[in-house]
Each structure stands twice: as structure tokens, then as C-alpha cells.
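Me: I would like a close look at one part of this model and its surroundings. Please keep to what can be computed from the atoms, and give the cut-offs as you go.

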Amino acid sequence: MQKQKILVSALEHSANIHLGSVLQHLDNYELMGIFSKEYGNPIVDMQDRSIMGFSDAIKSLPFFLKLAKQMVELSESANKVLLIDSSGFNLPLAKKIKKRYPNKHIIYYILPQAWAWKRKRVFALAKNVDNLLSILPFEKEIYPSYANIEYVGHPLLDQITEFKTFTPKEIKNILFMPGSRRAEIVKLMPIFREVAQKLNLNATLAIPPHLKNSLDIYGDISNFNITYNSQQALKEADFAFICSGTATLEAALIGTPFVLSYIAKPFDYFIGTKLIKLNYIGLANIFFEKMGKEAMHKEFLQNEVTIENLVKEFNNFKFEKFLNNSKLLRDYLQNGSSKKVAKIINMS
């Protein structure tokens, strides 16, 4: 039986983790395109690059234009195309491939957050993508009736299988997760370092594997235990201080109490507030708002990210309430998505 050739566009670290989960349920395939080197021979592994925010993206525009051209050329020999997240690159890519090869089957997994901003994108997605695979239960509501969209479950529930069932009598282990991008880390680490000193508990610092050789960006980390396995660290932690992003949803699902802290570049934050009309940036909080409930966790943004605010929130945290909400969140998202995505790839 001939291998099916799949053109993959997985730019982000998180996209590659979810790709790995899907590949566990696929047989007889060959990958081409953009993905982690651990899955084969990509034309580029984006984890070797660090791009954060609008300003970095603008500077990298020539690189991405060339990369998109390569992907369109590769799509000719692919049986199907799998796009994962990264709408700024993948949605224009879907349009280009569909224009060049109208019959090429395109699957989009982890859709652009059109519910948050640029809602008109749903029409371009419905027109250019054959299978829209949603990981959010409410997402289908904003798409036109002719869109082939379905909720497949949430990918984090493929990776997270152990959950906290009780709150510790004594808080001993604190986890600090300052993000996966250099700019995030540089801004948050001085504050996290001071918070760790004030709390004077067992402090662990989570460092993404792709930054193992870049520890200098963290500054003085002599008072931290170091881990490169963030999910395991979240399971072991009694409390966490986390930069925004997927890690906050991981913590919420596992049941690890946490505070979200985020400091963006001023220009990026200004643009973001003009384009994105949301009351929260943490995914768990967004889900809870959709369920008609109050926020699950506290969010501190920009100038609100202070040592005093973080320590105060830790001291006043309602642990039992958070644990109950964690179960509500898992019930809302239902199950993982990798098996269903693999089945759709095989059938399409």
C-alpha cells in the first residue's frame, strides 16, 4: 500500500506537540513541509526561530513569503494538506494552495480565533478548507451554514490524563512558567525571581526544551529547581505563576491553582487591544464566560504584573473553588481530539 503524502504546516511548538499526538494514530504516511525535526525531514523547523508579536512578524515577512511559496510548490505532490493553528501564515497558505490546486484536500486543525477578532475570516476558511476541525465547543456558531466544521475535542486532553482531586493541606511547591519566547521571559523573570524570594518556598522554574541552550536569557536562576517537563511540573506543583498561553489551560485542566501574568511589548499590546475584543486572555476564563460563569483565575497584564499583586493573589487564593471549577472545565471540553483528527485524515 502506497504511503499517503501529507503536507504539514505546524509552526508553533504547541502545534508540533498536537501533531505528535495525531501521528500516533496514523499509519503509512510521509510528512512534508513545516514541522519538528523529530517527525521527519521538514523544509524548516520553526522551533529554531523566535518570533513574538506584530513587530517581529513584520521583520520576518520576506522569510514567510518565501516559505509560503515553497509550501505551495510542495502541495502539488501531496495527497492532502494539514494546517495546524498559526492563522497568520496558514490561512493565506490555504487560499494560495486552493487557487493553484482547486481539488487539493485541505484540513485545518486548531482554527484561527475568529470568535475573538477578524470574524470575516470564517468565510475565507469555509471557502478554502475542506475540513475545519474545531477544538472549542462554541466555535461552530460563528461559521456559515455551508462550512464543513465539527468539534473534535480539545488536544490537551490527549496529553493530560492525570488530574488533581484534592487541595494540599500545606502549600510547599511553587512553579514559575515565564513563557516560551525570549521577550516574555526577559520581562517576567525579574518579577518572578522576587516573588520566589518573598514566598520562600520550594521554587521550580519550567524551561521549554528548545531553550535548554539559552539559559542566559533567564538571568540568575540559582535559587530555582529546573525542569524541562512543564506538564509533569504542573502536576507536582501546589501553585503556579504562569505567562499567558497554552500553559494556563494546562494548569486549569490539571487542577493546579495559578495566576496569569503577561507583559507584551507596548506596541503589540496597543494593537492587540484595538483588534481583539475580549474580556479575558486566559482560555479557561474565556470558556467560563461562555458558560455564563465568573472567571476561573486572576489575570494580571502589563503594569499590573507586580511583585505585590502576585504575592497578594497567592495569599488570598480560593483553592477548593478552583479545584471544583477544574472539573467543570474538563466536562465542558469533553475529550481529546487526536484520534478523531487522525480518522478524518485517513477518510478524507
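Where does Gln 334 lie?

Reply: Gln 334 is in the loop that joins H13 to helix H14 (338-347). Helices here are DSSP runs of H or I with at least four residues, strands are runs of E with at least two, and both are numbered from the N terminus. The model is predicted, so local features need pLDDT of at least 70 and side-chain atom pairs count only at pLDDT 80 or more, while totals for chains, interfaces and linings use all residues. Residues are numbered from 1 along each chain as its sequence is written, and side-chain values use heavy atoms, with hydrogens and water left out.

The backbone at Gln 334 has a positive phi of about 75°, although the residue is not a glycine. Most residues other than glycine have a negative phi. Gln 334 counts as exposed because its relative accessibility is 52%; the classes are buried under 20% relative accessible area, exposed over 50% and partly exposed in between, with a 1.4 Å probe and protein chains only. Asp 85 is another non-glycine residue with a positive phi, near 60°. Asp 85 sits in the loop between strand S3 (80-84) and helix H4 (87-100), and it is partly exposed at a relative accessible area of 25%.

Next comes H13 itself, where Ser 326 is found. Ser 326 is buried, with a relative accessible area of 0%. Leaving aside neighbours within four places in sequence, Ser 326 is in contact (heavy atoms within 4.5 Å) with Ala 252, Leu 253, Ile 254, Gly 255 and Met 296. From Ser 326 to Asn 202 the C-alpha distance is 24 Å, for a separation of 124 residues in sequence.

Leu 329 touches Leu 249, Ala 252, Leu 253, Ala 284, Phe 287, Phe 288 and Met 296, again not counting residues up to four places away in sequence. Together with Tyr 109, Phe 176 and Phe 241, Leu 329 touches the most other members of the largest nonpolar core, which has 123 residues. Helix H7 (residues 182-199) supplies the largest share of this core, with 8 residues. Such a core is a set of buried Ala, Val, Leu, Ile, Met, Phe, Trp, Tyr and Cys residues joined through side-chain atoms within 4.5 Å.

Because 8 of its 9 residues are buried, H9 is largely enclosed by the rest of the structure. The buried residues of H9 run through Ala 247, Thr 248, Leu 249, Glu 250, Ala 251, Ala 252, Leu 253 and Ile 254. Just after H9, Gly 255 takes a positive phi of about 105°.

H9 (residues 246-254) packs against helix H11 (residues 283-290) at an angle of about 65°, and the axes are 8 Å apart. The axes are lines fitted to C-alpha atoms, for helices over the stretch in contact, and angles run from 0 to 180 degrees between N-to-C directions. On the H9 side the meeting residues are Thr 248, Leu 249 and Ala 252; on the H11 side they are Leu 283, Ala 284 and Phe 287. By class this contact has 5 nonpolar, 1 polar and no charged residues. Ala, Val, Leu, Ile, Met, Phe, Trp, Tyr, Cys and Pro count as nonpolar, Asp, Glu, Lys and Arg as charged, and the others, Gly among them, as polar.

Gln 231 is buried at a relative accessible area of 15%, and its contacts beyond four places in sequence include Glu 250 and Ile 254.

Finally, the open space. H13 (residues 319-333) gives the most to the lining of the second largest pocket, with 3 residues. This pocket has a volume of about 280 Å³, and its lining has 4 nonpolar, 3 polar and 5 charged residues. Among the lining residues are Met 296, Lys 321, Phe 322 and Asn 325. A pocket is an open set of points on a 1 Å grid over the protein atoms alone, with protein on both sides within 12 Å along at least five of seven lines; a cavity is a set where a 1.4 Å probe fits but cannot get out, and lining residues have an atom within 4 Å of a point. Points are joined across faces, edges and corners, and a volume is the space filled by probe spheres set on them.

The structure holds 1 cavity of 30 Å³ or more. About 70 Å³ lies in the largest cavity, whose lining includes Gly 255, Phe 319, Phe 322 and Leu 323.
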